[in-house]
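Please keep the sequence and the structure in view while reading.

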Protein chains: 2
Amino acid sequence: MSVYTKVTPSQLADWLKRYSVGTLTELRGIDAGIENTNYFVTTTHGRYVLTLFERLPERSLPFYLGLMAHLARQGIPCPAPILDHSSGLYSILNGKPAALVTRLAGAPVLSPEPAHCAAVGAVLADMHVAGQSFPATLENPRGPKWWRETAPLVGPFLDTTRRQLLDAELAFQSRYRFQDLPRGPIHADLFRDNVLWDDERIGGLVDFYFAGVDAWLFDVAVTLNDWCTHPDGEIDGRRAIALLGAYHAARPFTAIERGAWPAMLRAASLRFWLSRLHDFHLPRPGELVHAHDPEHFRRILELRIRDAHVLPWIA
Amino acid sequence: MSVYTKVTPSQLADWLKRYSVGTLTELRGIDAGIENTNYFVTTTHGRYVLTLFERLPERSLPFYLGLMAHLARQGIPCPAPILDHSSGLYSILNGKPAALVTRLAGAPVLSPEPAHCAAVGAVLADMHVAGQSFPATLENPRGPKWWRETAPLVGPFLDTTRRQLLDAELAFQSRYRFQDLPRGPIHADLFRDNVLWDDERIGGLVDFYFAGVDAWLFDVAVTLNDWCTHPDGEIDGRRAIALLGAYHAARPFTAIERGAWPAMLRAASLRFWLSRLHDFHLPRPGELVHAHDPEHFRRILELRIRDAHVLPWIA
C-alpha cells in the first residue's frame with residue numbers, strides 16, 4: 001500500500017485550478033513505490049501522475065523536478081513536470097509537496113534481451129549528455145558519505161563474514177577518488193522496473209527521486225548490475241556488451257573510466273547491498289512488505305570482486 | 001506537395017547529433033501545409049515532426065517555438081520543441097531554419113458535434129490563461145495593420161459590390177480599438193484541421209505559425225467561425241453555445257468582451273476573407289492547389305453583419 005496521503009477528487013479538482021490541464025475526469029491511487037504517494041490523474045487534456053512527496057526533503061525537489069523538466073525538453077523520454085500558473089514545479093496539497101508530471105506509456109520488461117540492454121545503454125548515455133547543461137546540483141544522496149553513515153547502523157545485524165566483507169569493501173572504496181571521472185546528473189536507480197517499454201521502444205525512464213550528481217560511470221555500473229545480471233548475480237556477457245557498446249556509441253568512454261570500471265561495479269554493488277540491509281533490518285513502519293533480500297547484492301559484490309580482471313568492457 | 005526542401009536520412013542523422021533523441025529510424029515527408037516543409041521523424045527515443053521554415057522571418061521563430069514550449073510545459077496539448085545541446089530551439093538544416101517538435105497523436109474531426117466544440121472552447125481558454133506568463137511578444141501578423149496593407153492589393157480583383165463591402169468593413173473596424181480587451185498570445189488559426197483528436201479527447205493543437213499577441217476574443221471569434229458554422233456560413237447555435245460556455249467556464253468573459261463580440265466576429269471574418277483573396281488572386285508559385293475559396297468568408301462576414309443583434313453569447 002503506497003497511498004500514504006489520501007486525496008479526494010474534489011480536493012484535487014480544487015488544486016488543479018492552479019494548472020492549465022483542463023478538468024479532472026479520473027483519479028486512481030497507485031500501489032507502488034515506498035517513498036511517495038502516487039496517483040494516476042486523467043483530465044480533459046491528458047494523462048498525468050500526481051506525486052505527493054512523503055519523505056524527500058523539500059529543498060531537493062527543485063533538483064529532481066528541474067532535472068526531469070530539463071531532460072524532457074531535450075528529448076529524453078522521461079516524465080515532464082507540468083508548470084502551474086506561477087511557473088512552479090510543485091506546491092502543497094493536503095500538507096505535502098506535490099507535483100504533476102506527464103504519464104508515459106508502456107510497461108517494464110523484466111527479462112531483458114541484449115536488444116533491450118542496448119536501448120537502455122543508448123538512452124543512458126543520451127541522458128548523461130543532455131544533463132550536462134542542467135545547472136542545479138545535488139550530491140548523490142546514496143554516495144560514499146551515505147555508505148559511511150549507514151555501515152555502522154547495519155553492521156550489528158551481520159555475521160562475522162559479512163561484516164568483514166563490508167569493512168573491507170568500505171576500506172577498498174575509500175582509496176578511490178572518483179572525482180576525476182566525467183560526471184553530471186545521474187539517475188542512480190535505473191533498474192528494470194524504472195524503464196517503461198512501448199512495444200520494443202523505450203517509452204520512458206521513471207522515478208528520478210534517487211538522482212544526484214556523480215560519476216556517469218557509477219550510473220552505468222548500477223544499470224549493468226541489474227539489466228545484465230543473471231539471477232545468481234553473474235554478469236551475462238552478451239547483455240553487458242550490448243549495453244556498454246550502445247552507451248559507448250552515444251558517449252564514448254574515456255581511458256580513465258576504463259581504469260575505474262572494476263572498482264565502480266563494486267561501488268554500485270555496495271550501495272545497493274547497504275540500502276537493502278538498511279531497509280531489511282531497520283524498516284520504517286509499513287515498509288517491510290517491500291524489502292528486497294539484501295543477499296542478492298552481497299553475492300553480486302563478491303562476484304565483482306572475484307571477476308575484477310575478467311569484466312566485460314568496450315574499448 | 002509541401003516538401004520544398006529535401007532532406008536525406010544521412011543529412012538528418014548528421015543534424016540530429018546536436019540532439020539527445022537517439023538515432024534515426026524513419027524519415028517521411030508530409031504533404032500538407034503551404035508555409036513550411038514538414039517531415040515525420042522517428043528515432044529510437046520518440047516520434048517527432050521536423051519543420052524547415054521556408055518563409056517565416058527567422059526573427060519570429062523564438063516567439064513561435066518559445067510559445068509552444070511554454071504552453072506544453074504548462075500542460076496545454078501542443079507540440080513541444082526539443083532543445084538541442086546548446087539549448088537552441090532551432091538551427092540551420094540545408095540552408096533553412098529547422099526545428100524538431102514532438103509529434104502528437106490523433107486526427108482532425110471535420111464534422112464536429114457540440115461536445116467537440118465544448119472541448120475546443122475549454123482548451124482555448126486554458127491556452128490563453130497559460131500563455132499569460134509567456135514573456136516574449138509578437139504582434140498578430142494578420143492584424144489590422146496587415147488588413148490595411150492587403151486590401152489595396154486584392155481590391156483590383158473584386159467587383160463593385162465586394163469592393164464596397166471590403167471598404168465599408170475596413171472603415172467599420174477602424175472605429176474599434178480592441179487594445180482595451182484582455183489580451184495575450186493567441187493561436188489565431190485554430191481551425192478544425194489544426195486540432196488532433198485521440199478518440200474523443202483533444203490530442204493536440206498544432207500549427208502555431210500564425211500566432212501573435214492580440215485580443216483573446218479575436219481567437220474565440222476565429223475559432224467559432226470555423227467550428228460552429230454550417231457550410232453556408234450560418235452559425236450553428238448549439239455548437240456555438242457549447243464552445244462559448246466551455247470557454248467561459250475556464251476563463252470568464254468580461255463585460256467589455258460582450259460589447260466587442262459582434263465587431264470581433266466580423267474582424268475574424270474579414271481577416272480570413274482577405275487572406276483567402278490574397279492567396280487566390282496573388283498565389284505564390286506552387287501554391288494554387290491549396291487556395292481556398294474566398295467567397296466562404298465573404299458570406300460569413302455578411303452574415304455576421306446581418307446577425308449583429310442576434311449572436312450567440314454566454315453571460
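A:Leu83 is buried, because 22 other C-beta atoms lie within 10 Å; a residue is called buried if 20 or more other C-beta atoms, placed from the backbone, lie within 10 Å of its own, exposed if 12 or fewer, and partly exposed in between. The model is predicted: local features need pLDDT of at least 70, side-chain atom pairs count only at pLDDT 80 or more, and totals for chains, interfaces and linings use all residues. Residues are numbered from 1 along each chain as its sequence is written, while chains are lettered from A and ligands numbered from 1 in the order in which they are written.

**Surroundings of A:Leu83**

- A:Leu83 belongs to the loop between H2 and strand E4 (91-93) of chain A; helices (H or I, at least four residues) and strands (E, at least two) are DSSP runs, numbered from the N terminus.
- Leaving out residues up to four places away in sequence, A:Leu83 touches A:Gly88 and A:Leu89, and also B:Arg73 and B:Gln74 of chain B; two residues are in contact if their C-beta atoms, placed from the backbone, lie within 7 Å.
- A:Leu83 and A:Leu100 are 17 residues apart along the chain, and 8.2 Å separates their C-alpha atoms.

**Confidence of the prediction**

- Chain A has a mean pLDDT of 94, with 97% of its residues at 70 or more; pLDDT is the predictor's confidence in each residue, from 0 to 100.
- For the complex, the predictor gives an ipTM of 0.82 and a pTM of 0.89.
- Where pLDDT is low, the predicted coordinates should not be read in detail.

**Overall form of chain A**

- Chain A contains 9 helices and 9 strands.
- The radius of gyration of chain A is 20 Å, which agrees with the value near 20 Å for a compact globule of 315 residues; this radius is taken over C-alpha atoms, and the globule rule is 2.2 Å times the number of residues to the power 0.38.
- The C-alpha trace of chain A spans about 60 × 45 × 35 Å along its principal axes.
- Buried residues make up 43% of the 315 residues of chain A.
- Among the contacts in chain A with a separation of 6 or more, 72% join residues 24 or more positions apart.

**Domains of chain A**

- Chain A is divided into domain 1 (9-102) and domain 2 (114-306), with bounds that come from an automatic or database domain assignment.
- The centres of domain 1 and domain 2 of chain A, taken over C-alpha atoms, are 27 Å apart.
- In chain A, 18 residues of domain 1 are in contact with 18 residues of domain 2.
- Helix H2 (residues 61-73) of chain A gives the most to the domain 1 side of this contact, with 8 residues.
- That side of domain 1 of chain A has 12 nonpolar, 5 polar and 1 charged residues; Ala, Val, Leu, Ile, Met, Phe, Trp, Tyr, Cys and Pro count as nonpolar, Asp, Glu, Lys and Arg as charged, and the others, Gly among them, as polar.

**The two chains together**

- A rotation of 180° with 0.0 Å of shift along its axis places chain B on chain A with an RMSD of 0.0 Å, by least squares on the C-alpha atoms of residues with pLDDT of at least 70 in both.
- That is the relation of a two-fold axis.
- The C-alpha of B:Arg73 is the one in chain B nearest the axis, 4.4 Å from it.
- The same surface serves both copies, as 100% of the contact residues of chain B recur in chain A.
- In the interface, 25 residues of chain B are in contact with 25 residues of chain A.
- Helix H3 (114-131) and E8 of chain B each supply at least two residues of the side that touches chain A, and H3(B) gives the most, with 6 residues.
- The residues of that side of chain B divide into 12 nonpolar, 10 polar and 3 charged.

**Loop residues in both chains**

- A:Asp199, in the loop between strand E7 (195-198) and strand E8 (201-205) of chain A, has a positive phi of about 55° although it is not a glycine.
- A:Asp199 is exposed, with 7 other C-beta atoms within 10 Å.
- B:Asp207 has a positive phi of about 60° and is not a glycine either; its place is the loop between strand E8 (201-205) and strand E9 (212-215) of chain B.
- B:Asp207 is buried, with 22 other C-beta atoms within 10 Å.
- A:Tyr209 lies in the loop between E8 and strand E9 (212-215) of chain A and counts as buried, with 21 C-beta neighbours inside 10 Å.
- Beyond its neighbours within four places in sequence, A:Tyr209 is in contact with A:Glu35, A:Asn36, A:Leu56 and A:Tyr64.
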